[in-house]
Amino acid sequence: MSNSPIIQLSNLSVAYDHQTAINNLSLSVYPHEIVVLVGESGGGKTTILRSISGLVTPASGHITVNGLPLNARNLRQIRLNMGYVLQQISLFPNMTIKQNLTLLPEIKHQSKTLTNQTIRSLMAAAKLPMDYLTKYPNELSGGEQQRVGILRAFGTRPALILMDEPFSALDPVSRDQLQDLTLAIHQKFNNTILFITHDMNEALKMGQRIGVVKDGQILQLDTPDNIVRHPATPYVRTLFSGSEARKIENIYIRRLILAGYGQPTPFKDLPIELVAGDQILGNCYHILAQNRQLAVQQNQKTIGYLNGQSILNFLAAKQAHQSNK
Ligand SMILES: Nc1ncnc2c1ncn2[C@@H]1O[C@H](COP(=O)(O)OP(=O)(O)OP(=O)(O)O)[C@@H](O)[C@H]1O
């Protein structure tokens, strides 16, 4: 990652009533990545987000966002380039969907053409019909309103989106759909997302890197694969040990590339099948059984190639790791 970080927390400490909530924590988040902070309640995840958005003042340490030190002078500028999604998504009931979506772009003086283009693109990603734009929130189902709430945060195309347990209150199906929507929008717009959850499966699905937060510190910040395969502490191991990701078939295919099981160029003489990086391994076996190779896609680009042998190597390593425990 050669770019400079979009968020840089250096030796950050935050206290509430002299009680330490964040303890000398450092974190760099780079442009376009999705970093998920995961951990049990009270670990300090929300406080990290609140610090980045200037809602709490650190006792010590430094925060820069987009290269600007976070201080009273820069706060407005920083916030204008930041989207926030909370668990409680509340649309303005007396405004149409379009008005809800255009409110922030208007405040930011974004051009109407760009706003309309962005809204069309977001509505399409959310699979919402365009005629919904003239409806009011109470004419949409709860799930549809949630979708609009997420779209709203992306409407100004902010460089950075902070998401604080946005799907925690939802049933598993809606949660899954909104996770997919967020990933789809991220692919399209390439924003940087800092996402908080206490759900390990959600962390493994959403995160390109995952930071495990406990007692105001980050115990491990790593790729999903490394977190699961090489937990840095017994706590991290326990946290992820019951997770669905242990079921090998549910691992995202892109993780195999990120973990180095593929190769950057095609294998010789094997027909190529394009496959989305967030396709799960279990859905790809049939392609390999036809003796094809997978060209794994991320943001419409191939990030690597896998053949049957690559998958077998991965499964063998996984097996060895499981039986060593
Ligand atoms: N406004 C506040 N006043 C006093 N203490 C607070 C306040 N907000 C958070 N805390 C305390 O700071 C610590 C970290 O809380 P924080 O909300 O950041 O954790 P979290 O990991 O986001 O937890 P959760 O998943 O439950 O939201 C906790 O001990 C909490 O009780």
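Modeller: Ile97, Asn100, Leu101 and Leu104 in helix 3 meet Val148, Leu151 and Arg152 in helix 5, where contact requires C-beta atoms, placed from the backbone, within 7 Å of each other. Sorted by class, the residues of this contact are five nonpolar, one polar and one charged; Ala, Val, Leu, Ile, Met, Phe, Trp, Tyr, Cys and Pro count as nonpolar, Asp, Glu, Lys and Arg as charged, and the others, Gly among them, as polar. This is a predicted model, in which local features need pLDDT of at least 70 and side-chain atom pairs count only at pLDDT 80 or more, while totals for chains, interfaces and linings use all residues. Residues are numbered from 1 along each chain as its sequence is written.

Axes here are lines fitted to C-alpha atoms, for helices over the stretch in contact, and angles run from 0 to 180 degrees between N-to-C directions. The crossing of helix 3 and helix 5 is right-handed, that is, the near helix is turned clockwise from the far one by less than a right angle.

Helix 5 also packs with helix 6: their axes come within 11 Å and cross at roughly 25°, so helix 5 and helix 6 are roughly parallel to each other. Their crossing is right-handed. On the helix 5 side the contact uses Gly143, Gln146, Arg147, Ile150 and Phe154, and on the helix 6 side Ser174, Leu178, Leu181, Thr182, Ile185 and Phe189. These comprise six nonpolar, four polar and one charged residues.

Helix 6 (residues 172-189) is also approached by helix 4 (residues 112-125), with axes within 10 Å and a crossing of roughly 140°. Helix 4 and helix 6 are therefore oblique to each other. Ser121, Leu122 and Ala125 in helix 4 meet Leu181, Ala184, Ile185 and Lys188 in helix 6.

As for the ligand, its shell includes Gly42, Gly43, Gly44, Lys45, Thr46, Thr47 and His198, a residue being near if its C-beta atom, placed from the backbone, lies within 6 Å. Helix 1 (residues 45-52) supplies the largest share of that shell, three residues. By class, the shell holds two nonpolar, eight polar and two charged residues.

Key
Helix = DSSP H or I, 4+ residues; strand = E, 2+ residues; numbered from the N terminus. Parallel < 35°, antiparallel > 145°, perpendicular 65-115°, else oblique. Contact = placed C-beta atoms within 7 Å.
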